[in-house]
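Try each task yourself before reading the solution.

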Amino acid sequence: MKKNFVKATALALAVSMMLTGCGGKDNGEAAKGKTTIRFATWDNAEDLDYQQELVDRFNESQEEIVVKLEAYGSEYDTKISAGMGSGDTPDVLYMWDYPTYQEALEPLDSYIEAEGEEFKADFYEALWPYNSIGDAVYGMPVGFTTHALFYNKDIFAEAGIAEPTDDWTWEDLKAAAQTITEKTGIKGFAFQMKPDPYDAEMYAWSNGGAFVAEDGTLAGNLNSDKTVEAFAMLQQMEKDGYAAATEGNGTDEFRGGKAAMYIYGAWSIASFDKDGLNYGIVTIPSFNGSGKDSVSILSSSGLSIAVDSKNKKAAWEFIKYWTSEECNKDRIGYELPARKSVVEAENLMEEPKNAPFYTMLEQSAGYTPASFIVDNWSALSETLSLSFERIFNPSTLEDTKTVMDEAVN
């Protein structure tokens, strides 16, 4: 009986696979003649429920296309890589690591051009380098966050000094941090002792430096005076005793009232609001003498089409829906909209907790992270991570210029 049951089950499965295709339709949809699109997401829990609602809305509006959401959660990269290796990649997939997956993704330039100039122009310019490799676009921007300066209003009031503003320089921040430390015993500023090199590049950019040139050259960039100066400043604040180099990203210290200021993305807003923390957000301070506004790294997500998808036209129709003004509006509170028209229509620049991130987005146009330029980013990232630890670890505090010179060599 058991053997017969197994054989029968296997036969049924084989017939089902022949009818539906390896990544395609179930029998119900096949009967309706609809094209099935597999959509892979890295979200889970409440976020996944909300995404399913948007998928259902799309499906209800369609006569020819049906989308099936596949939630991979924390195993996203593993499952995507496995699918790409076996030729079973979902048609549409969330993406951020374009350098790693580029060869398995469909260039989208022809699709975008067919929509007209106004279509692409409605997405913030700074988002395109984060969804492209070279001159080719591989992902449509969905959501993002830049970084901004968070500050604790109660600590500033206790120290008796004015709160930060969008026109602050690092000299202003250093002066405030010193006063706060002296008057309250609380560290004025917190930053990562071992920052993610991807994030840390924004400090070099803001001071007129960079980790690499456009051709990937390290020498004269990673160890340039401008780049070295930016990180030497942070180290000096630590040496002077009014900044703390933390094991984490600074959120715990800020949230616990142990640091008055830190720089981070919009991810922490929900938890701060839940805590009832009395805080404010402004743009990242600029460097005196740099002659330019501060710049932020972006954490950006996009939607891509698998190069081996058999349903690329239908996949593009779904991507247009997912990145539409309608869906951008629906995801407010879940992510920062990527379309200018939505930001304007919803008056997001008038909201103090949103405006700094959009100002930083506009100031950060034209910058491409080193991770999108150099071929051996993983190795360079590991080197830089260790270099920053040597510079900022309280037990070492090595000379910034010496460490950066060694990283180049």
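Two exercises follow, each with its solution.

Ground rules: this is a predicted model, where local features need pLDDT of at least 70, side-chain atom pairs count only at pLDDT 80 or more, and totals for chains, interfaces and linings use all residues. Residues are numbered from 1 along each chain as its sequence is written, and side-chain values use heavy atoms, with hydrogens and water left out.

**Exercise 1.** Find the two domains and work out the area buried between them.

*Solution.* 
Step 1: list the contacts (heavy atoms within 4.5 Å). Domain 1 puts in 20 residues and domain 2 puts in 24.
Step 2: get the buried area (accessible area, 1.4 Å probe, lost when two parts are put together, summed over both). You end up with about 1700 Å², 65% of it from carbon and sulfur atoms.
Step 3: on the domain 1 side, Lys 353, Phe 357 and Met 360 lose the most area, together 37% of what that side buries.

**Exercise 2.** Track down the salt bridge between the domains.

*Solution.* 
Step 1: apply the rule (a Lys or Arg side-chain nitrogen within 4 Å of an Asp or Glu carboxyl oxygen). The count is one.
Step 2: name the partners. Lys 353 pairs with Asp 273, with the closest N and O atoms 2.6 Å apart.
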